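I opened the model today to look up a few points. My notes follow in the order I checked them.

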Amino acid sequence: MATMATPLPPLRCATLLLLAVLVGVLASTARADLVISKAERRVDLTSHIVRVLASLKVENVGPDPVSQVLLAFPNIQAKNLAAIRAFSSEGNAKSQSTVLPIEVVQPSGAPPELTFFSALLPKPLEKGKSLNLDVLTVFTHSLQPFPEEITQADAQLVVYQDSAHYLSPYPVKSQALTIRLPGGRVESYTRQPNAKLVNSELKYGPFTDLPPFSYSPVIVHFENNNPFAVAKELVREIEISHWGNVQITEHYNIVHGGARLKGEFSRIDYQSRPYVRGVSSFRHLIASLPPRAHSIYYRDEIGNISTSHLWGDSKKTQLEIEPRFPLFGGWQTTFTIGYGLPLQDFVFTSDGKRFLNITFGAPMEEILIEKLTVKVVLPEGSKDIEVSVPFPVKQSQEVKYSHLDIAGRPVVVLEKPGVIPEHNLYFQVYYRFNNISLLREPMMLITGFFLLFVACIVYMRTDMSISKNSPSYLAKLQWDEVQATVQKIEGMFEQYLGVHDKLEASLRDLSRTGDIQTCKAARKAADAQFKELSKELKPLLTSLQSSPQSYQIWPKVEDLISKEREMQEKLMTRHSTVVDSFEKKLRGQDVENRIAQQQQKIAALRQEIESLLEYISEI
């Protein structure tokens with residue numbers, strides 16, 4: 001009985017035992033029309049995506065021709081099956097292989113624990129004839145981390161489960177199994193008499209004369225530190241511009257799908273010994289872009305990421321990207337890649353239609369995409385849209401609006417879960433597009449600029465002023481005249497205040513020098529200036545009073561004139577009192593007593609006049 005050094009979870013062991021019992025029951029009911037004379041399986045476990053290539057030689061030993069070959073898988077494997085392809089060739093002519101259509105079938109009497117596929121032969125296999133059949137199957141999530149949590153310094157160990165015998169509804173005369181490992185240590189594996197581990201290859205067999213549905217569980221526990229890059233979601237937008245460019249924008253949400261990191265992460269340990277203190281992590285991804293890709297960028301929500309390297313030749317362009325931090329198990333990051341492609345390399349014409357011919361999946365190497373959304377943005381005005389994809393996808397349409405769009409651009413939306421590199425095949429989007437539609441946006445720009453210039457010319461040559469006979473225009477002229485008159489009046493009152501200041505200065509000089517004659521001369525000059533200013537002010541007041549627009553400001557002007565006249569009288573009276581006191585040679589204290597009340601009244605009037613002037617200026 002096979003043994004395993006490392007114990008596995010009880011549920012997995014129970015599943016394997018259940019399968020062994022089921023295939024024993026099926027062996028009694030299997031059909032014997034076909035016999036597999038030789039089966040060689042090669043299992044590639046070097047990445048987190050498991051690939052199994054089964055090379056079969058099938059013989060028809062029954063009396064009737066056979067048109068299909070059944071392929072059986074346990075449900076525990078079938079649920080993780082991402083792709084299956086079959087190729088057939090007759091005799092030894094493997095170079096002339098034919099791709100066979102495959103469909104899911106449910107043979108009568110088959111239990112629900114097994115999933116069956118049917119490979120339809122290009123022509124029935126006659127009695128006694130044989131053919132070579134190559135079956136490629138790709139599985140995801142088949143490598144289970146064990147243990148499920150590791151520290152920063154631990155290597156990642158995974159478990160793989162399969163059967164040493166090829167599970168088939170037909171008898172198998174001779175078969176062998178080869179499991180290719182990524183290198184590194186092998187913790188344990190199921191030991192059998194004919195099992196042999198050489199370097200990084202584990203071989204089981206050969207086995208001979210096995211009955212249908214023969215099953216022998218094997219479990220391999222080994223080290224695998226290759227990147228377990230899983231894209232939780234990828235939105236890939238392909239925008240076609242018939243001005244010569246196909247713009248690709250890819251939005252990634254990537255997680256490390258391996259053993260989760262437990263404990264703290266030490267940046268110092270990682271930078272000093274990254275291949276020891278971070279062996280299970282990955283810090284870069286490789287994207288293989290088309291050879292003439294240009295305008296390439298790599299950024300995230302923060303901005304452009306400079307840790308990327310680009311190189312290429314005439315056959316390909318490779319972009320090596322590094323996220324802002326290394327990815328350990330369970331860690332995730334988001335980023336965007338964008339680049340442009342020449343239109344003539346991917347958009348062609350056939351039967352009056354244009355069609356886009358481009359790959360479906362992501363350009364990243366060895367990445368599993370759990371949900372892929374491909375959006376093909378066609379030019380505005382595209383119609384009769386058809387899509388051809390080499391595998392089933394969910395298809396829908398939407399509309400996208402961009403610069404200068406009127407009806408919007410039709411968008412073909414293709415969705416598929418569980419996408420692997422084998423799905424990175426070419427697909428086609430057919431549509432009709434009139435070349436005249438190319439002139440729509442340039443003509444809109446030309447028309448827009450033309451109308452703008454015409455509007456400018458009309459504006460510059462049109463008299464936008466109000467009619468000179470309209471009441472509003474006349475009112476505006478009258479108000480302008482009022483404003484001009486008020487400004488002149490304000491200027492004259494500033495001169496009045498200047499004369500006041502001169503009289504004040506003459507009194508100060510009198511008290512300092514005692515020159516009475518000079519003081520009298522200053523008063524005489526001030527009196528002459530007052531008369532001259534009153535003469536000039538009279539026509540301005542008449543003009544202001546006669547204007548219908550001065551109803552708001554005229555009362556304040558009248559008040560201002562009244563205050564100014566009162567202040568002139570007070571100033572002259574005080575001046576005469578001071579001069580008379582000096583002529584009588586009275587004491588200074590007596591002089592101050594005689595003019596005290598006059599001084600207070602003059603100060604109050606001066607403040608009122610300045611307030612009125614400020615109010616009129618604001619109006």
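At what angle do the axes of helix H6 and helix H7 cross? I note that this is a predicted model. The axes of H6 (residues 516-546) and H7 (residues 554-583) cross at roughly 170° and come within 12 Å. Angles over 145 degrees count as roughly antiparallel, so I logged H6 and H7 as roughly antiparallel to each other.

Next I listed the contact residues. On H6 they include Ile 516, Cys 519, Phe 530 and Leu 544. On H7 they include Trp 554, Ile 561, Met 572 and Phe 582. I sorted the contact by class: twelve nonpolar, four polar and five charged residues. Among the H6 residues with a charge I noted Lys 520, Arg 523 and Asp 527.

Then I turned to the cysteines. Is Cys 519 buried or exposed? Cys 519 has a relative accessible area of 2%, under the 20% cut-off, so I count Cys 519 as buried. Cys 456 is partly exposed, at 40% relative accessibility. I also looked for disulfides, and the count came to zero.

Last, I looked at a sheet. In what order do its three strands lie? The order is E3-E7-E6, the pairing is antiparallel, and the sheet is open. E3 (66-74) and E6 (102-105) each have a single partner strand, so one side of each is left without a neighbour in the sheet. Neighbouring strands are turned by 35° against each other on average, direction ignored. I found eight bridges joining E3 to E7 (residues 114-125). Pro 74 has Leu 114 as its bridge partner in E7.

Key: Residues numbered from 1 in each chain as written. Predicted model: local features only at pLDDT ≥ 70, side-chain atom pairs only at ≥ 80, totals over all residues. Heavy atoms only, no water. Axes fitted to C-alpha atoms, helices over the stretch in contact; angles between N-to-C directions. Helix = DSSP H or I, 4+ residues; strand = E, 2+ residues; numbered from the N terminus. Parallel < 35°, antiparallel > 145°, perpendicular 65-115°, else oblique. Contact = heavy atoms within 4.5 Å. Pairing = 2+ DSSP bridges. Disulfide = S-S within 2.5 Å. Buried < 20%, exposed > 50% of the residue type's maximum accessible area, 1.4 Å probe, protein only.
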